[in-house]
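Let's take a friendly walk through a protein model, a few places at a time. Please keep the structure open as you read.

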Amino acid sequence: MKLPDYAELHCLSNYTFLRGASHPEELVRRAKELGYSALAITDECSVAGVVRAHAAAREHRLKLIIGSEFHLDDDLHLVVLACTRTGYGSLCRLISQGRRAAEKGSYELQRPALTGLRDCFLIWFPKTRSVENHGAWLSRRFPGRVWLGAELLAHGRDRRQLVELSALGEKLGLPLVACGDVHMHRRGRRALQDTLTAIRLGTTVATAGDALHSNGERHLRSRESLLRLYPRDMLEQTRLIAERCHFSLDELRYEYPRELVPEGETPASYLCQLTEAGMAWRWPDGVPKAVGEQVERELKLISELAYEPYFLTVHDIVSFARRRGILCQGRGSAANSAVCFCLGITEVDPARMSMLFERFISRERDEPPDIDVDFEHQRREEVIQYIYRKYTRERAALAATVISYRPRSAMRDVGKALGLDQLQVDRLARAMQWWDRREVQDERVVEAGFDPANPAVHRLLTLVRELIGFPRHLSQHVGGFVISQGPLAELVPVENAAMPERTVIQWDKDDLDELGLLKVDVLGLGMLSAIRRCFDLIEKFHGRHLMLATVPAEDPQVYDMICRADTVGVFQIESRAQMAMLPRLKPRNYYDLVIEIALIRPGPIQGGMVHPYLRRRRGEEAVSYPSPEVRQVLARTLGVPIFQEQVMQLAVVAAGFTPGEADRLRRAMAAWKRKGGLEPFEERLVRGMQDRGYSTEFARQIFQQILGFGEYGFPESHAASFSLLVYVSAWLKYHEPAAFTCALLNSQPMGFYAPAQLVQMARRHGVEVRAVDIRSSDWDCVLERGQRGEPALRLGLRLVRGLSADAAERLLTERREQAFVSVQDLAERTKLNRRDLAALAAADALHSVSGHRHRARWDVAGLEPPTPLFPKPRIAEGLPLLPSPTVAEAVVADYRNLGLSLRSHPIALLRRQLQEAGWLSCAELKKLPNGAPAAVAGLVITRQRPGSASGVVFVTLEDESDHSNVIIWPKLVERQRREVLEARLLGVRGRVQREGEVLHLIATHLEDHSELLGSLLTRSRDFH
């Protein structure tokens, strides 16, 4: 018997959060396996998952229908399917209307909202109430476009349901169509689907009752099964509906705003006009010939691809920031063009980029330009709101970010759904550490006190592992803006973000890339905040005006400091790995910095490119190229592929990839960590290189490079832009250490190191640092004159934990009128509450009016609130005989209330005790030869476990003398996991590994001595 064609028209993916139990790709793949003619993804009031379904459908050659399910407020349940581009636009408008009318994560719609639907089909699922009323209204409003959906799910009422629906359809003149209410691609996801339901309802699977589906029939069923359940004509209706749905996401076309072009100008003429003005600004004494020719070539290519509106849009945003004094810097392939330098989008002079690959837009692939603009992270919101004001909420919104389950969140939610008590859930979740990434290991469960073989625990772990990677909800992207010429809601639905005054689209960055839609990345960068603040401090203190482009270039003294790895606080090169590389690579110019910050990335590391490059740079290995074509690609990096662009070029010149294939490889690289898919490219790459005479070893090496870039791609264009900030921040650190440290402190949170380390760095560079004081400190840290006129750093009230900004402002306002003479005077004039006063006392900020910290606390405790009879109470008391805090007490209190201490380093107070136990200081460790046994103890200030390090953990210890870098191999990490994760004062025994100026301690045994710190509060900064 011939099986009927079938198209599933009601299918939820896991983008109907906590309902659907399968990824869109899984649903598409399964529908193709079952021989379906089409599949509709109909997530509830959402199209968030359709781009992933679209990519999968294109791969598997299955027709995809875009739709959405709605539960309206008046008990109307239906699915809407888009037939055409017009229908898709009206569907997106309906979703946007419902989402914008409600809080994030929900929607509100009534029946009249459906009247705006055009070119859409509706499948209605009648409920008991208002059945005929809804049916009559739908048939009148959408004649010939409404079907009654019959969902026969083996719940014991199928025959009766079919009879009732047939009678209703005949009465209303509506045809019946078979649907599956699909929630999963296979029946085996039933347990996970039940768990998701319990999580959504905030209950347990055991008590969810009727909220759970009665069986596992809501999966993609075989056509044989469907034929046994449904009349053939109802199955045939699915094919007829699918054939009439013609819309594909490939039809979407994107137009950038046109209002930026003045009357009488075209986008091309106006961009040319702005560029010429920028050339005159950048080169007032005349434009170099090479630059003029480069600009002309770039403008011609931009015009050919009609990208002028994109560049004008970015220029407008950057111009706003400059008018407001907000420091910004563009990066990305297009951002490093000469045109962008003329437009002020980037401060990277093309003259410093002469060694960089010139292609910034691909004519062959028609690839959209790539410009990310970094703004001061504490002022980025001003830029975001400018974009919303200029283009309105109807035409501008942020891209979304899909928040997915990770081991810890999955363990918490599944544990609660299965009925574990809170203590058990907490123990299991805490066992899932940040460095375990997406893995749930049985060893971690055992450490938490559970037996993985226990049936209940086994069930828990099975569900957790299935849930990891599932989307949990949509959040907002860090800054990817989509700005359109027409209503954005006709391109993609728009919904409210959790933050006020923010709206987001339902697609994330990867979705936009998949469809080739343009966006502008408006990102926040802490170092820009710090640099701008530093420029302001220098101008105020010295009267010298600096900008990114005017900082003196190529200062040998700055490079000397960088080569010594004296880079705490310097952008991008302050990590342990970068500090270890600097003395070996010895950067002496701008392009060396470009290579430096790109070299310590997963791509070059996993591809084994780091050591060959260093050997060639030092002349220890001959530079060779397997062919002239490869030489052209790799000459600037001594024959070693370091940048993402080089890998893509190699695929073309060495493996014979077409530009289109190279583009697909790039997209697969970006997604492979999430969903795989690089295997076909490996075979194609290796075979292509072998056919052209390259060795298999060389081909495999390039593919390993590709895998590394898939985890974290770092293109040359980004490295070039970042290198300018590396150099500028290093220049400021060397020449203006007080201003630089002051700016870093005022820009927190940011960077690799906490304020305590930044202050210590400044003091080691000869900067005088002065304590927080209500008579001298502002909210921010400031510069004061030292005894010889040099800048001294005064710590600001912002460091006082528990002090509100409003209280600080009142304090400063009153202090401008008259200095404070006592705590009573301070309290009366500022009206600070007891909490703010106690915070000042605890931070020792009252020492200039009260004396030491104990006296200050006494004075605050003795304050009497004003009364109508005594508005200024004065109670004479004798001075209490309170002893001054000991140094140890003061240091503990400083760390608790300020996060740092100017009195002494905590380890200095323990030095004698540590010496007697045989522990060296960090300075003593650095004097030992390679291979020497050593034991050092210090505060843990950073932990790192990079994905490219194969499980190795890097720990930085700090004491009063210096820092020490510790390498802990995976076996020791597993054996002493608690010490690695929890120790605040860590003792490390091991052997010295020295290579030139670079020294590491290879750990063989760890000891947790945190008890020696007593109540001292210290925190490490931990990174992947």
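Leaving aside its neighbours within four places in sequence, which residues is arginine 322 in contact with? They are Gly344 and Glu347. Keep in mind that this is a predicted model.

Arginine 322 is found in helix H11. In sequence, arginine 322 and glycine 344 are 22 residues apart, while in space their C-alpha atoms are 9.1 Å apart. With glutamate 347, the side chain of arginine 322 makes a polar contact, side chain to side chain, at 2.8 Å.

Now look at serine 575, which lies in the loop between helix H20 (556–563) and helix H21 (576–585). Its side chain reaches the backbone nitrogen of glutamine 578 at 3.2 Å. Not counting residues up to four places away in sequence, serine 575 touches Phe752 and Gln944.

| Residue | Relative accessible area | Class |
|---|---|---|
| Arginine 322 | 36% | partly exposed |
| Serine 575 | 12% | buried |

Serine 575 counts as buried because its 12% relative accessibility is under the 20% cut-off.

Finally, turn to helix H9, which covers residues 267–282. This helix has 16 residues and reaches 22 Å from its first C-alpha to its last, close to the 22 Å expected. Which residues of H9 are buried? They are Tyr270, Leu271, Leu274, Thr275, Gly278, Met279 and Arg282. In an α-helix there are 3.6 residues a turn, so residues three or four places apart point the same way. The cover over the buried residues of H9 includes helix H10 (289–304), helix H11 (308–323) and helix H12 (338–343).

Terms used
Residues are numbered from 1 along each chain as its sequence is written. This is a predicted model: local features need pLDDT of at least 70, side-chain atom pairs count only at pLDDT 80 or more; totals for chains, interfaces and linings use all residues. Side-chain values use heavy atoms; hydrogens and water are left out. Helices (H or I, at least four residues) and strands (E, at least two) are DSSP runs, numbered from the N terminus. The expected span of a helix is 1.5 Å times one less than its number of residues. Buried means under 20% relative accessible area, exposed over 50%, partly exposed in between (1.4 Å probe, protein chains only). Contact means heavy atoms within 4.5 Å. A polar contact is a pair of N or O atoms within 3.5 Å; within protein, one must be able to donate a hydrogen and the other to accept it, and residues adjacent in sequence count only if both atoms are side-chain atoms.
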